[in-house]
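Student: I would like a close look at one part of this model. Please take me through it step by step.

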Amino acid sequence: MSVSQASSTSTITYREALRAAIRDALLSDERVFLMGEDVGAYGGSFGVSKGLLAEFGPERIRDTPLSESAFVGAGIGAAIGGLRPIVEVMTVNFCLLALDQIMNNAATISHMSGGQFAVPLVIRMTTGAGRQVAAQHSHSLEGWLAHIPGLKLLAPATLPDARGMLGPALQDRNPVLIFEHGGLYNMEGELPADAGAVDIERAAIRRPGADVTLIAYGGTLGTALAAADELIDAGIDAEVIDLRVLRPLDDLVVVESVSRTHRAVIVDEGWRSGSLAAEVSARITEQAFYELDAPVARVCTAEVPIPYPQHLEQAALPQPGTVVAEVRRMVGSGV
Amino acid sequence: MIKLPERGHGLELLRQMLLVRRFEEKCVELYSAMKIRGFLHLYIGEEAVAVGVMQALRPDDAIVATYREHGHALVRGVSARSIMAEMFGKLEGCSHGRGGSMHLFDADTRFYGGNAIVGGGLPLAVGFALADKLAGRERVTACFFGDGAVAEGEFHESMNLAALWQLPVLFCCENNRYAMGTALERYESETDLALKAASYEMTAWSVDGMDVLAVEEAAHKAAAEVRAGCRPCFLELLTYRFRAHSMYDPDLYRTKEEIERYKQHDPIPALIERLRDAGLVTDEDLEAVEQVIADEIDDAVEFAEAGTLEPIEDLERHVYWEGAAL
């Protein structure tokens, strides 16, 4: 991190922004602690928590055994017991080993106890493909988890969100899952030195436009923005929405945008069937059907476990070119 | 031979076991009358376990139990009224009617379920104990689970974590010898469960779970170790379920002779006999206890009957935190 004194902004990576948020939380609330696989001595498998063990010690930066169910469940118990745990699950693929705790306890205890217990727990996990780590380390299962009432899901896709979502997530009395896209950790940019908490309820328009709404989140925000840049040459002015909050979804921003542009393309790294894209598409159809000049379109990951070779992996994932082609097809279809 | 309790305490142990027994017998009746629906897992035969262990717990200790938890809740002090109302699905129930028989919760007595995923409560218990340890509170979390849970990964993960981090969990394995309908020796390669637990570097031993005095003594010893040493301890309580797994279970996997054989060790007559032989209780005492319990249960049923059904407009409540308890 390098600080530019003149502008009081600093050049920071997504990884560093996440770390700064965790550090802030640890400094400001003694109930906060971080636990997960290799968060301490190793520094986090993606380097997010590097240096925190030295600063905060092993009580608050807790390396765990490879026991996803036990440490996620322990996080739930500790949250009900009065602490504010940040649980890191190395990747969304590994959270499958803790799904019982996430769904049957974290998402459910408040309800099945008749509202007696809050679960102020944050679970962070890496998601997404693009790094040639093949079929067991490349999932985008946000859509699955977004199916579950009782959970809140956040997908920081920008530096301010990486820096600012954790604080309010820890303030929330509900279990909040934060998805960090593996392709974003090295993303670098300027961030005001005093950057802090951000809203965790609303979607955001990242690029205003008039002709079509591209709806993305997490790793596909960059894809959608790149597509929007390419579309300028074709004379198409695309609006880009970053969903940010995957549950509960913010319909308002999406419906308002589509009501202006009359076209929507959803860009989702999840598989198409039963995806978040399917949910967003259904909501647009339910709430803005008569505003549409063309059927809602989706650019999703091909329905195949992610293959290892780079050319196949890239072919499976949403690409700016695919989004551009989809928009041109939509616009060119006589509307 | 374990020392007999004083008369007052002996009667209290008896009252608690009888309360659980009679309460559940009433539940069976109410199930047949279709007042209680869904699953109903009875603890009948196993009462000495909850009653014995609970004697060693303090008001600020925590309890995590299973879906066979009516007894634990009652003995812990959750009122018969609020438990019965919960079984009826009424707003006045201890979980607002949202949980039912398998999900009894009560913040006031730190009773955390009511967990119906086998093994799923163990990680939670580890978390409660972690919170206590980090906050410097000298409290015990008692975690009840059945022998079937020992085959689950969550059991092993939780035992390891509790021992590794030296957390104050009292693991109470209620070994009733069946995981639903599958006998222990048909699903475990090693059937000595205390031996398994000991491999996680914690004190572990087996106790006759049909003898409430033996359970109580063991629980005091184990809880003291957990509390003083801030480390986990494991008790295997050898017990037996007299009734079917749930009301749906035709009980085809064990013989009537086997059930009858275990009934000879029914913990309630066993305690009565010992107290009576020692001249600590009389028939009049027993009648009086039964009467108090019958009144309490009648009152609970009346309370549940008179309870309120939550308005359907409130269906989507309690999915996210509303900021207030019941």
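Student: How many salt bridges does a search of the whole structure find over all chains? Then go closely into the contact between chain B and chain A.

Tutor: Keep in mind that this is a predicted model. Over all chains, the search finds 38 salt bridges. One of them pairs the side chains of A:Arg244 and A:Asp199, at 3.2 Å from N to O. A:Arg244 sits in the loop between strand S12 (238-242) and S13 of chain A, and A:Asp199 in the loop between strand S9 (188-192) and strand S10 (204-207), so the pair ties together parts that are 45 residues apart in sequence. Side chains of opposite charge can pair when their charged atoms come close.

Now the contact between the chains. Here the count of salt bridges between chain B and chain A is zero. Polar contacts are there, though: 20 residue pairs, both residues at pLDDT 80 or more. On the chain B side, four elements each supply at least two residues: strand S2 (105-106), strand S3 (111-115), helix H5 (121-135) and helix H6 (153-164). H5(B) gives the most, with eight residues. By class, that side has 22 nonpolar, 11 polar and six charged residues.

The contact takes 39 residues from chain B and 42 from chain A. Together the two chains bury about 3300 Å². Of that area, 64% is on carbon and sulfur atoms.

Look again at strand S3 of chain B, one of the elements on the touching side. B:Gly114 is found in this strand. A cis peptide bond joins B:Gly113 and B:Gly114, with omega about 20 degrees. Most peptide bonds are trans.

Chain A has a cis bond too. The peptide bond from A:Arg247 to A:Pro248 is cis, with omega near -5 degrees. A:Pro248 lies in the loop between S13 and helix H10 (251-261) of chain A.

A:Arg247 also takes us to the largest pocket. Among its 17 lining residues, A:Arg247 is one of those nearest the centre, along with A:Gly143, A:Ala146, A:His147 and A:Ile148. Four elements of chain A give two or more residues to this lining: helix H4 (99-106), helix H6 (142-145), strand S13 (245-247) and helix H11 (276-288). The pocket volume is about 360 Å³. Its lining divides into 10 nonpolar, four polar and three charged residues.

A:Asp38 is not a glycine, yet has a positive phi of about 60 degrees. A:Asp38 is in the loop between strand S3 (32-36) and helix H2 (52-56) of chain A.

Conventions:
Residues are numbered from 1 along each chain as its sequence is written. Chains are lettered from A and ligands numbered from 1 in the order in which they are written. This is a predicted model: local features need pLDDT of at least 70, side-chain atom pairs count only at pLDDT 80 or more; totals for chains, interfaces and linings use all residues. Side-chain values use heavy atoms; hydrogens and water are left out. On a 1 Å grid over the protein atoms alone, a cavity is a set of points where a 1.4 Å probe fits but cannot get out, and a pocket is an open set with protein on both sides within 12 Å along at least five of seven lines; lining residues have an atom within 4 Å of a point. Grid points are joined across faces, edges and corners, and a volume is the space filled by probe spheres set on the points. Ala, Val, Leu, Ile, Met, Phe, Trp, Tyr, Cys and Pro count as nonpolar, Asp, Glu, Lys and Arg as charged, and the others, Gly among them, as polar. Contact means heavy atoms within 4.5 Å. Buried area is the accessible area (1.4 Å probe) that two parts lose on being put together, summed over both. A salt bridge is a side-chain nitrogen of Lys or Arg within 4 Å of a carboxyl oxygen of Asp or Glu. A polar contact is a pair of N or O atoms within 3.5 Å; within protein, one must be able to donate a hydrogen and the other to accept it, and residues adjacent in sequence count only if both atoms are side-chain atoms.
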